[in-house]
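Good morning, and thank you for coming. Please look at the structure on the screen while I take you through a few of its features.

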Amino acid sequence: MKQHIENLLKNAVLVLAKDHEIPENVINNIKVERAKDKAHGDFATNLALILAKPLKMNPRAVAELLIKNLEPSARIEKTEIAGPGFINFFVSDSFTAEKLQEMRSDVRLGIKEADVKDIVVVDYSAPNVAKEMAVHHIRSTVIGDAVVRVLEFLGHKVIRANHVGDWGTQFGMLIAYLEEQENKYGTDLDLSDFEAFYRAAKERYDSDEDFAVLARSYVVKLQSGDEYCKKMWQKLVKMTMDQNQKLYDRLDVTLTEKDVMGESLYNDMLPKIVEDLMQKGIAVEDQGAVVVFLPQFKNKDGEPLGEIVRKKDGGYLYTTTDIACVKYRVETLKANRLMYFIDSRQHQHLEAAWSIARMAGYADESVRIEHEAFGMMLGKDGKPYKTRSGGTVKLRDLLDEAENRVTALLDKRNSPLQGKDRDEVIHNIAIGAVKYADLSKNRMTDYVFDWDLMLSFDGNTAPYLQYAYSRIRSIFRKAEIEPGAIVLQEEAENDLATKLLAFEDTVKSVAEKAMPHLLCTYLFELSGIFMRFYEACPVLKGDVAPEIKASRLALCDLTAKVLKQGLGLLGINTMEQM
């Protein structure tokens with residue numbers, strides 16, 4: 001409908017353009033927004049205010065001209081001019097009912113795939129090898145995965161990139177310690193406590209010079225392609241990612257082993273990239289290192305910031321790897337949109353790397369490169385979320401705690417569920433609550449992690465929405481008639497209809513802005529509007545004509561479908577019974 005009104009307005013502007021000079025960018029960028037207040041119609045535009053200056057007319061007079069030149073449409077019941085020149089559009093109830101019917105019968109709920117399909121590389125999660133995933137990995141993982149699901153639903157080709165930290169000087173130490181432990185026990189190790197392993201390796205490195213010498217030699221050998229060191233390194237990578245995969249599966253996250261694109265993937269590219277940057281005059285030697293000076297970034301003295309791409313000793317930095325990432329993702333993977341779900345503190349580093357990649361011609365302006373930054377996960381004290389002793393919280397421990405708390409909650413509510421059904425509900429509520437607590441917040445901000453709030457069956461939480469879905473489904477277990485043709489008569493019915501039709505715009509907005517909280521807010525508002533509808537418009541009870549009951553049942557059914565699909569796009573499961 002939004003597109004339809006925008007097309008009507010564009011045609012009206014083209015009529016005016018025959019006698020007036022109207023900028024091309026105005027004609028091609030006509031925007032219509034959903035009205036926030038139903039009293040002001042279903043859609044509104046400020047186009048008349050924008051056109052007032054080029055037309056040298058009063059905005060209300062422009063609005064009158066636009067309405068006069070609008071082509072007749074059975075979808076529009078009426079238009080009104082409001083305030084200084086806003087145009088409000090009221091959609092006809094019959095057309096709304098027709099669209100709801102189409103939406104309900106469509107497996108995609110009326111959401112069309114994108115007209116232009118992108119190839120999108122989404123960089124998210126990115127744990128480190130030989131370290132266990134901690135709570136700080138959850139934001140990148142669940143926000144990135146929700147956006148991936150939305151992009152794929154809209155028909156874009158999505159390439160997941162799990163940029164695993166699998167390279168660096170620490171691997172000499174880790175290989176040497178893995179070798180020592182396997183020799184000691186006479187068998188291959190199956191590590192489960194990476195934190196203890198890493199800590200023990202570091203202690204050996206710091207306290208034993210012979211071990212440190214061996215570790216440093218293994219770094220050189222690994223970087224030179226030594227088969228033994230490579231095999232030991234691959235063993236560390238596999239053990240880490242096998243453990244991480246269990247967490248991804250538990251989180252209902254779509255990342256798999258095939259999505260791993262570690263730092264090591266770009267090793268062979270780095271020397272050539274530095275050579276290319278020097279040949280193009282982008283990078284220069286400075287005190288033995290190779291540096292790119294970026295005028296858009298200044299140091300404390302106001303001088304261009306120097307970004308090192310090769311150190312004096314010939315080693316490379318994260319900046320070099322991130323330049324290689326862009327080149328690989330654009331040239332090899334053919335992507336035209338790159339999305340990086342990395343915390344906000346890395347913004348300048350990423351911008352510097354991308355600026356160099358663009359200067360070198362590895363990505364032209366047609367390629368969108370986006371830092372989908374996010375804030376920190378905080379405890380109630382306003383500090384980064386930690387254990388009571390001040391240590392880092394392991395992700396698996398967090399998920400265990402969530403499931404334990406949900407188990408206690410079901411016991412308190414005397415849930416009749418047993419066996420596999422009970423286990424499934426515990427998992428879905430616990431994991432849904434943890435993910436939704438993150439997804440429902442604007443990713444740009446820090447958020448406070450609060451068990452009581454996130455597991456509440458009231459308010460903007462996953463349990464509330466999951467329960468809202470199951471309550472709607474329970475209506476159909478009691479209904480004696482089937483859903484029928486939708487007829488809109490009551491104000492509460494119209495309010496619900498308007499919200500349901502906003503689903504497509506919301507989903508597309510999430511894809512464009514990489515903001516899952518927009519969908520969370522929509523689903524929470526939808527469930528609230530549905531409850532008001534259910535209270536105002538009897539569905540199963542009361543002296544209501546069968547065709548009205550059938551219509552209201554159809555609205556119930558569509559609402560349930562939207563809740564299920566919306567939560568599914570966020571990576572959260574629903575249940576028929578809770």
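I begin with Cys556, which is buried, because its relative accessible area is 0%. Buried means under 20% relative accessible area, exposed means over 50%, and partly exposed lies in between, with a 1.4 Å probe and protein chains only. The sulfur of Cys556 lies 9.7 Å from the closest cysteine sulfur, that of Cys537, which is too far for a bond. A disulfide is a pair of cysteine sulfur atoms within 2.5 Å, and by this rule the count is zero disulfides. Cys325 is also buried, at 0% relative accessibility.

A word on the source: this is a predicted model, in which local features need pLDDT of at least 70 and side-chain atom pairs count only at pLDDT 80 or more, while totals for chains, interfaces and linings use all residues. Residues are numbered from 1 along each chain as its sequence is written, and side-chain values use heavy atoms, with hydrogens and water left out.

Let us now consider the chain as a whole. Of its 578 residues, 52% are buried. The chain has 21 helices and 13 strands; these are DSSP runs, numbered from the N terminus, with helices (H or I) of at least four residues and strands (E) of at least two.

Next, the salt bridges. A salt bridge is a side-chain nitrogen of Lys or Arg within 4 Å of a carboxyl oxygen of Asp or Glu. How many salt bridges does the structure hold? It holds 38.

One of them joins Asp206 and Lys202, at 2.9 Å from N to O. Both residues lie in helix H8, residues 194–207, and they are four residues apart, about one turn of the helix. Asp206 is exposed, at 53%, whereas Lys202 is partly exposed, at 38%.

Another salt bridge joins Lys499 and Glu525, at 2.6 Å from N to O. Lys499 is in helix H18 (residues 491–501) and Glu525 is in helix H20 (residues 517–536), so this pair ties together parts that are 26 residues apart in sequence. Lys499 is buried, with a relative accessible area of 16%, and Glu525 is partly exposed, with 36%.

Finally, Arg104, Arg473, Asp557, Lys561 and Glu576 are linked in a network of salt bridges.

Thank you. I shall be glad to take questions.
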